[in-house]
Amino acid sequence: MAEVIVITPVKNSLETTLDTARAIARSSVGVRHVIFNDFSTEETKVGLEQNKAEIGYELIHLEDHTDHPSPNYKLVLQMAQKMANEASLPLLVIESDVVVKPETIADLLSFQKSSIKSGLVGSVTVDENGIVNFPYLKFKGVKESVIDTSRSLSFCCTLFGTDFLKAYDFMGLDEAKDWYDTFISKKSIELGFKNHVLMNAPVWHRPHASRPWKQLKYSNPLKYYFLKFWKGMDKI
C-alpha cells in the first residue's frame with residue numbers, strides 16, 4: 001500500500017526520467033508514482049508509455065488536460081494536490097534529473113512524521129561524488145544532519161506534509177510564474193509550518209538535465225539571460 005504520492009514532471013528528458021523512475025520503484029516503502037508528461041516530443045512520449053508497466057508508474061499526458069504550452073508546473077501541482085488530499089497522503093516531488101536511494105523516501109517520511117508542524121522537507125542534492133551541489137550550494141559545509149530553514153527549498157526532492165496540503169490550496173498559485181519553489185516555501189512559513197533540509201538523506205542531482213536549455217547559464221550566459229528575461233522563460 002502506498003504511503004506517499006510521488007510525482008515527476010517531465011519535459012523531453014527520457015533517459016534521466018527512466019533513471020529517476022527506476023530508483024523510485026526500488027524504494028523501501030510503498031509509493032504511488034505519477035509521471036506528468038508536459039508536452040514532450042513523440043519519442044519521449046512513446047518511451048514513457050513503453051516503460052510504465054515494467055517500471056511501475058502511472059503516466060499522465062498534460063496535452064489531454066490543457067492546451068497551455070509547457071511549462072505547466074502549476075497544473076501539475078494542482079492535480080497532484082487533489083490526488084494527495086483525496087488519498088490523505090503526503091506528496092513528494094522528485095524531479096526527472098534526480099536519483100534517490102532506496103531509503104530516501106522512508107527517511108523523508110519518518111522525519112516528517114516525527115516533526116511538529118512540518119510543512120516541507122527536502123533532501124540535500126549532491127553530485128556523483130557525494131558533494132553538495134546546485135541548488136543547495138548555500139548549505140555546503142554545513143555539519144548538522146538536519147537544517148531548520150526559512151530559506152526556499154528546491155523541489156528537486158521535497159515532501160509536502162498532509163496538514164500543509166490541506167492548509168494551502170494550490171488553485172491560488174500565481175498564473176504569471178513558471179516555478180513555485182520559492183513561493184510555496186515562503187507560504188509554508190507564513191502559515192506557521194516549518195521547513196527542513198535533510199543533510200543525511202542526500203540525492204544525486206544532475207542539474208538542469210530535466211530542462212536542457214538552462215545549461216546555457218554556464219555555456220552561453222548571454223543567451224540564457226536573453227531567454228530568461230526577454231522571452232520570459234523560467235519565471236519564479
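Visitor: Which side chain does Arg206 meet in a salt bridge?
Guide: This is a predicted model, so everything I say is computed from it. In it, the side chain of Arg206 meets that of Asp19 in a salt bridge, at 3.3 Å from N to O. That pair links distant parts of the chain, since Arg206 is in the loop between strand E9 (194-205) and helix H7 (216-219) while Asp19 is in helix H1, 187 residues apart.

Visitor: What lets side chains pair up like that, in general?
Guide: Side chains of opposite charge can pair when their charged atoms come close.

Visitor: Are Asp19 and Arg22 buried, exposed or partly exposed?
Guide: Asp19 is partly exposed, with a relative accessible area of 30%, and Arg22 is partly exposed as well, at 33%.

Visitor: How many salt bridges are there in the structure?
Guide: The structure holds nine salt bridges. Another one of them joins the side chains of Lys187 and Glu190, at 3.0 Å from N to O.

Visitor: Why are Lys187 and Glu190 about one helical turn apart?
Guide: They are separated by about one helical turn because they are three residues apart in helix H6 (residues 181-190).

Visitor: Which residues of H6 are buried, then?
Guide: The buried residues of H6 are Asp181, Ile184, Ser185, Lys187 and Ser188. Seen down the axis of H6, these buried residues fall within an arc of 160°, so they line one face of the helix. The face turned away from that buried side carries the exposed residues Lys186 and Glu190.

Visitor: What do the buried residues of H6 pack against?
Guide: They pack against helix H3 (73-87), strand E6 (118-126), strand E8 (157-160), helix H5 (162-167) and E9. After H6 comes Gly192, whose phi is positive, near 95°.

Visitor: Back to H1, how far does it reach?
Guide: H1 has 12 residues and spans 16 Å from its first C-alpha to its last, close to the 16 Å expected at 1.5 Å a residue. The buried residues in H1 are Leu14, Thr16, Thr17, Leu18, Thr20, Ala21, Ala23 and Ile24. Among the elements that cover them are strand E1 (4-10), strand E2 (31-37) and helix H2 (42-55).

Visitor: New topic: how many residues does the largest nonpolar core have?
Guide: That core has 37 residues, and those with the most contacts inside it are Ile7, Phe36, Phe160, Phe170 and Ile184. The elements that give two or more residues to this core are E1, E2, H3, E4, E6, H5 and E9, and its largest share, seven residues, comes from H3. A second, separate core of 21 residues includes Ile24, Val99, Phe111 and Ala201.

Visitor: What is Phe160 in contact with?
Guide: Leaving aside neighbours within four places in sequence, Phe160 is in contact with several residues, including Pro90, Leu91, Phe155, Leu165, Phe170 and Ile184.

Visitor: How many disulfides does a search of the whole structure find?
Guide: The search finds zero disulfides. Cys156 is in none, and the nearest cysteine sulfur, that of Cys157, is 8.3 Å away. Both cysteines count as buried, Cys156 with a relative accessible area of 2% and Cys157 at 1%.

Visitor: Last one, what percentage of the protein chain counts as buried?
Guide: Of the 236 residues of the protein chain, 52% count as buried. The protein chain has eight helices and nine strands, and residues 24 or more positions apart account for 75% of its contacts with a separation of 6 or more.

Methods
Residues are numbered from 1 along each chain as its sequence is written. This is a predicted model: local features need pLDDT of at least 70, side-chain atom pairs count only at pLDDT 80 or more; totals for chains, interfaces and linings use all residues. Side-chain values use heavy atoms; hydrogens and water are left out. A disulfide is a pair of cysteine sulfur atoms within 2.5 Å. Buried means under 20% relative accessible area, exposed over 50%, partly exposed in between (1.4 Å probe, protein chains only). A salt bridge is a side-chain nitrogen of Lys or Arg within 4 Å of a carboxyl oxygen of Asp or Glu. Helices (H or I, at least four residues) and strands (E, at least two) are DSSP runs, numbered from the N terminus. The arc is that of the directions from the helix axis to the C-beta atoms. Contact means heavy atoms within 4.5 Å. The expected span of a helix is 1.5 Å times one less than its number of residues. A nonpolar core is a set of buried Ala, Val, Leu, Ile, Met, Phe, Trp, Tyr and Cys residues joined through side-chain atoms within 4.5 Å.
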